[in-house]
Amino acid sequence: DGDACDGQNVVQRGVNAIGKRRGTVPFIDQAFSTAAITAAFRVYATSGGTKYSAQVIVQGDRVLMSTNAANPAWGSLYKLKTPGQRFDAAFADGYLLMTGSALTDPVLKINILKSSATTLMDTASGQTIKLYAKHLAWVKNYLLLGNVRDVTELELSGATTYYASRVYYSKLLSPASFTAAGFEPFNEEDGQHITNIKEKGGSALVYKNRSAYTFSFKDLSPGGDQLVSQVETGFGAAESYQVVSVPNYDIVLDRSGIYGFDGGRRSGVSLSDSFKEISLDISSLYSSIVENGLLGGCVTGYYAKKGWFVFAYEDPDAYPKGSPNRVLFYDFVTGKWSLPVRGWTPTSLCFWDQDDGEMFYGDAYSGLLYEADVDTQLNDARRELPLDAMDSGLGWPGATLNTTEVREGSASLKVVVSATVNMSSMARVAVYNFSQWPDGSPIVKSETSLEFKVYPASISNLQTIRVDLQVEGVSNNF
């Protein structure tokens, strides 16, 4: 791998042809924080005949949105109770609705025209039930919430109830209006839980760990005409957030393999039957991922511009550990997989299908969102290794935390110099490992720079900035 790195950076270029994949560039050069980007969504809205767009990401405990400008920057919309969550999202009633995996935060409504994030359900406004959910979908003008936590009494008594196999539904064209009786159970006694909800052919396709159901309706209400039909047993979406919708069917990660599944409709389009395995050529690799308990960390997406299914996974024999460290592309035209792409560590994927079809991924280590497969870039963007987030005064004697005058990033440490105090300093004594990148490849000192930024709030009081660094090689002592 190290001697012929580009040998693993080739992709399909049509039938019987390959070529070097294109490079990457950061979407915004300045990271908001060093936390992994665990969710990314492209949002569109129209007002007065003008189309607007924005990029929404989840990084650490923040929901962020890019400013709509020639030189965009990240702005914070919402602070989450639990950091590092994965998110499900749907577009409904002109808003982006999103909900997290931890079941500790409400369903959020993102309005890009107002640059705001608000709570979807509020019992104070007359809502009789308040729900947190892992999964959601907008189907036939109803909002569906699956794998939920009822928190209606949370603030009064601290009581909550989990319903891992229920789907609650809103009133027609009212995504914020739910009732206690407005739900449908999906075999609550089978020991499984709902792992995804997708709209398919005018119905909802509800996935559980080892089964799949269709949920069809016209009038969705208690006593309405809804119908639940189990279409698969022993097959399902093994983990949450890993079902990808492509034309005519879904790509599903079952424990036995990766399948194209048409929801039991037997459409005959691109599939010989209701489901077809596409992972036969990588069966050994996939089995290793499952056996090592790494399936839940996989990240998947559909790159419509190239007709590729994107599969990011953690190779148990590669670095870095704890996040996807390899990426495969499945070409629907040729029916073949690419060689593993190394150098990417994506914890989320995003596709700008209403723009020019661009592909983006959120990085696990640099805190950056990268545009990938850029035609004008032959190589990937420079690698970055964050050393200190500078968002806590712990370990920095002499520093205080400034959260009101932040110029870039999520927070900053400050020292104060005034007319009566002519010198102030902060220091950190620590050993940083500069020997290798997160993927285990060596850092070449002659090709690497150490960077930091300083913002002088009052330039008239500043005469000198001095930074002392001691850099030396250390072997076998870390």
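Student: Leaving aside neighbours within four places in sequence, which residues is Leu295 in contact with?
Tutor: Heads-up: this is a predicted model, where local features need pLDDT of at least 70, side-chain atom pairs count only at pLDDT 80 or more, and totals for chains, interfaces and linings use all residues. Residues are numbered from 1 along each chain as its sequence is written, and side-chain values use heavy atoms, with hydrogens and water left out. Contact means heavy atoms within 4.5 Å. On that basis, Leu295 touches Ala238, Glu239, Gln242, Leu253, Asp254, Tyr286, Ile289 and Val290.

Student: How many residues does the largest nonpolar core have?
Tutor: A nonpolar core is a set of buried (under 20% relative accessible area, 1.4 Å probe, protein chains only) Ala, Val, Leu, Ile, Met, Phe, Trp, Tyr and Cys residues joined through side-chain atoms within 4.5 Å. Leu295, Phe309 and Trp337 are among those with the most contacts inside the largest one. Its residue count is 22.

Student: Which elements give two or more residues to this core?
Tutor: Elements here are DSSP runs numbered from the N terminus: helices (H or I) of at least four residues, strands (E) of at least two. The ones you want are β20 (243–246), β21 (249–254), α2 (283–291), β25 (308–313) and β26 (326–331).

Student: How many disulfides does the count come to?
Tutor: You'd need a pair of cysteine sulfur atoms within 2.5 Å. Cys298 is in none, as the nearest cysteine sulfur, in Cys350, is 19 Å away. The count is zero.

Student: Is Cys298 buried or exposed?
Tutor: Exposed would take over 50% relative accessible area. Cys298 has 0% relative accessibility, so this residue counts as buried.

Student: Which strands stand at the edges of the open four-stranded sheet?
Tutor: The order is β12-β13-β14-β15, with antiparallel pairing; strands pair if DSSP finds at least two bridges between them. An edge strand has a single partner, so one side is left without a neighbour in the sheet. Those strands are β12 (131–139) and β15 (183–185).

Student: Which residue in β15 stands opposite Tyr168?
Tutor: β14 (residues 161–169) and β15 pair in the antiparallel sense over three bridges. Opposite Tyr168 you'll find Phe183.

Student: How far apart in space are Val421 and Asp363?
Tutor: Val421 sits in the segment after β32 (412–414). In sequence, Val421 and Asp363 are 58 residues apart. C-alpha to C-alpha, their separation is 42 Å.
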